[in-house]
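This report describes the fold, the surface and the side-chain contacts of one protein. Please keep the sequence and the structure in view while reading.

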Amino acid sequence: SDQSGNLTDLQANLEHRLDQMLTVSSSQQKQIEDNTAKVSSLTADYTTDILGLRQDLDNLKVFEKDERDLIVSRVETRIKEETNTLESYFKSLETRVETFHSSQSTEIARIEKIEKYIVDRISEDEMILQRLGALERSRADQERHLVELEETTGERAGRLELDLGRFR
């Protein structure tokens, strides 16, 4: 019976320990369930945050693309405007240069006509001067002949007078 009492005590001790282990195990099970629920809640929150973050990143990418497209569009517009302005400016310069060349060609033609006119006048003036020179020489020759004629006539008149005086 001593053994039976020992066995009963041992059984009671084991049952008591099993009850304690069940209580600890139950408590730990509840703690595990609470922690699992917290982990699930944190996982759900984390998943929600990650999805929100992904959505924000996607929205940011779309916004960045739209901004980039807008900037590119503005830059292209400015380049086109500046190109049009430069083309207009260069066309204006080209027109001015053509007008200048046309005016210059007209002016050169006019100057060439004036130059030809002057050369013709100089040539005519030289011919007139040559004629005047010839006329002056001719007049000088005629004056010399007249003087010689007057001298000759004077000498003859003097001789005639002498001859006439002798005849008288």
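## Helix and overall form

In this report a helix is a DSSP run of H or I that covers at least four residues, and helices are numbered from the N terminus. The model examined here is predicted.

The protein contains 1 helix and 0 strands. Its radius of gyration is 69 Å, well over the 15 Å that the globule rule gives for 168 residues, so the protein is more spread out than a compact globule. The C-alpha trace spans about 235 × 25 × 10 Å along the principal axes of the protein. On a local scale, the C-alpha atoms of Ser 92 and Ser 103 are separated by 16 Å, and these two residues are 11 apart along the chain.

## Surface and charge

How many of the 168 residues count as buried, expressed as a percentage? The share that counts as buried is 1%. The protein exposes about 15800 Å², and carbon and sulfur atoms supply 57% of that area.

The protein carries 24 positive and 36 negative charges. The mean positions of these two groups of charges lie 13 Å apart.

## The aromatic pair

The structure holds 1 aromatic pair. The ring centres of Tyr 89 and Phe 90 are 5.7 Å apart and the ring planes stand at 65°, so this pair is edge-to-face. The cut-off behind that label is an angle over 60 degrees.

Is Tyr 89 buried, partly exposed or exposed? Tyr 89 has a relative accessible area of 48%, and it is therefore partly exposed. The range for this class runs between the limit for buried, under 20%, and the limit for exposed, over 50%. Ser 92 is also partly exposed, with a relative accessible area of 33%.

## Salt bridges within the helix

The structure holds 10 salt bridges. One of them links Asp 69 with Lys 65, and the closest N and O atoms of this pair are 3.0 Å apart. Both residues lie in helix α1, which covers residues 2–167, and they are 4 residues apart, about one turn of the helix. Asp 69 is partly exposed, with a relative accessible area of 38%. Lys 65 likewise counts as partly exposed, at 48% relative accessibility.

Another salt bridge brings together the side chains of Glu 107 and Arg 110, with an N to O distance of 2.6 Å. How is this pair placed along helix α1? Glu 107 and Arg 110 are 3 residues apart, so about one helical turn separates them. Glu 107 counts as partly exposed because its relative accessibility is 36%. For Arg 110 the relative accessibility is 43%, so this residue counts as partly exposed too.

## A further bridge and a network

Lys 116 forms a salt bridge with Asp 120, in which the closest N and O atoms are 3.1 Å apart. Since these residues are 4 apart in helix α1, Lys 116 and Asp 120 are separated by about one helical turn. The two partners fall into separate accessibility classes: Lys 116 is exposed, with a relative accessible area of 53%, whereas Asp 120 is partly exposed, with 31%.

Salt bridges can also share partners, as happens with Asp 141, Arg 144 and Glu 148. Such bridges join these residues into one network.

Key. Residues numbered from 1 in each chain as written. Predicted model: local features only at pLDDT ≥ 70, side-chain atom pairs only at ≥ 80, totals over all residues. Heavy atoms only, no water. Helix = DSSP H or I, 4+ residues; strand = E, 2+ residues; numbered from the N terminus. Rg over C-alpha atoms; globule rule 2.2 N^0.38 Å. Buried < 20%, exposed > 50% of the residue type's maximum accessible area, 1.4 Å probe, protein only. Areas by Shrake-Rupley, 256 points an atom, 1.4 Å probe, with all protein chains shown as cover. Lys, Arg positive; Asp, Glu negative; His and termini not counted. Charge placed at Lys NZ, Arg CZ, Asp CG, Glu CD. Phe/Tyr/Trp six-rings, centres within 6.5 Å; stacked < 30°, edge-to-face > 60°. Salt bridge = Lys/Arg side-chain N within 4 Å of Asp/Glu carboxyl O.
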